[in-house]
Amino acid sequence: MKIKYVLVVIVVVVAILAIFALTQQKKTEQNLPPVKYEKPVITAQIRQISIKNFAFVPSDMKVKKGDIIIWTNEDSAPHQISGTDFKSDVIKTGFTYSSTFNQEGSFDYICSIHPSMKGTITVE
Ligand SMILES: [Cu+2]
C-alpha cells in the first residue's frame, strides 16, 4: 500500500516536471527572433564573342559589372586574347576562353598572334 502511494507520487512528480520542461522549451522557441532566409540575387550574365574570319564578333561589347565573357574560336587558325588585365592561352579551333569583368571601364584587347585583330569591352 505504501509502495503504491510512493509510486503514484513519483509518477505525478515526473509528469509535472515533463509538462514544465515542455512549456519552458516552447517559451524559448517563441522568444527566438524569426529566421530570415534571403535568396541570393544573381544578376551576372554570360556574354559570347565569336572569333571568326580573323575578327572578334562583336568587336565592341557593352557588359554589366560581374558579367562573364566567353570567346569561342571558330577560325581554323589559333588566336590569343591579350588585354591589360586578362590574357588567354593560345585558343585552338573550337576552344574557348572566359573572363569575368568586375571593374567598370573600357578595356581594349588584341589577338597577340594577329595584332590587327582588336576588340573593346566596356563595363558599366
Ligand atoms: Cu588571332
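Me: Which residue stands opposite Ser-106 in E8?

Reply: Thr-122.

Me: And what should I know about the model and the numbering?

Reply: This is a predicted model: local features need pLDDT of at least 70, side-chain atom pairs count only at pLDDT 80 or more, and totals for chains, interfaces and linings use all residues. Residues are numbered from 1 along each chain as its sequence is written.

Me: OK, big picture. How many helices and strands are in the chain?

Reply: The count is 1 helix and 8 strands. Along the sequence that reads α-β-β-β-β-β-β-β-β.

Me: What's the radius of gyration of the chain?

Reply: The chain has 33 Å, whereas a compact globule of 124 residues would be near 14 Å. That radius is taken over C-alpha atoms, and the globule rule is 2.2 Å times the number of residues to the power 0.38. The C-alpha atoms fill a box of roughly 105 × 30 × 20 Å along the principal axes.

Me: Where does Ile-19 sit?

Reply: Ile-19 is in helix H1 (residues 2-31).

Me: Is Ile-19 buried or exposed?

Reply: Ile-19 counts as exposed because it has 10 C-beta neighbours inside 10 Å. The cut-offs: a residue is buried if 20 or more other C-beta atoms lie within 10 Å of its own, exposed if 12 or fewer, and partly exposed in between, with C-beta atoms placed from the backbone. By that count, 15% of the 124 residues are buried.

Me: Back to the strands. What's the order in the sheet with E1?

Reply: E2-E1-E4-E6, an open sheet of 4 strands with mixed pairing. Strand E2 (55-57) and strand E6 (96-100) are at the edges with a single partner strand each, so one side of each has no neighbour in the sheet. Neighbouring strands are turned by 25° against each other on average, direction ignored. For that angle, axes are lines fitted to C-alpha atoms (for helices over the stretch in contact), and angles run from 0 to 180 degrees between N-to-C directions.

Me: How do the pairs in there run?

Reply: E1 and E4 are parallel over 6 bridges, with Ile-49 opposite Trp-71 in E4. E4 (residues 68-73) and E6 are antiparallel, joined by 5 bridges, and Ile-68 stands opposite Thr-100 in E6. E1 and E2 are antiparallel too, with 3 bridges, and Ser-50 has Val-57 as its bridge partner in E2.

Me: And the order of the sheet with E7?

Reply: E3-E8-E7-E5, an open sheet of 4 strands with mixed pairing. Its edge strands are strand E3 (60-63) and strand E5 (81-83), each pairing on one side only.

Me: What does Trp-71 touch, leaving out neighbours within four places in sequence?

Reply: Trp-71 is in contact with Ile-49, Ile-51, Ile-81, Ile-91, Thr-96 and Tyr-97. Contact here means C-beta atoms, placed from the backbone, within 7 Å.

Me: Which residues make up the largest nonpolar core?

Reply: There are 12 residues in all, including Ile-51, Phe-56, Trp-71, Tyr-97, Cys-111 and Met-117. E4 and strand E7 (105-111) each supply at least two residues of this core. A nonpolar core is a set of buried Ala, Val, Leu, Ile, Met, Phe, Trp, Tyr and Cys residues joined through C-beta atoms within 7 Å.

Terms used:
Pairing = 2+ DSSP bridges. Contact = placed C-beta atoms within 7 Å.
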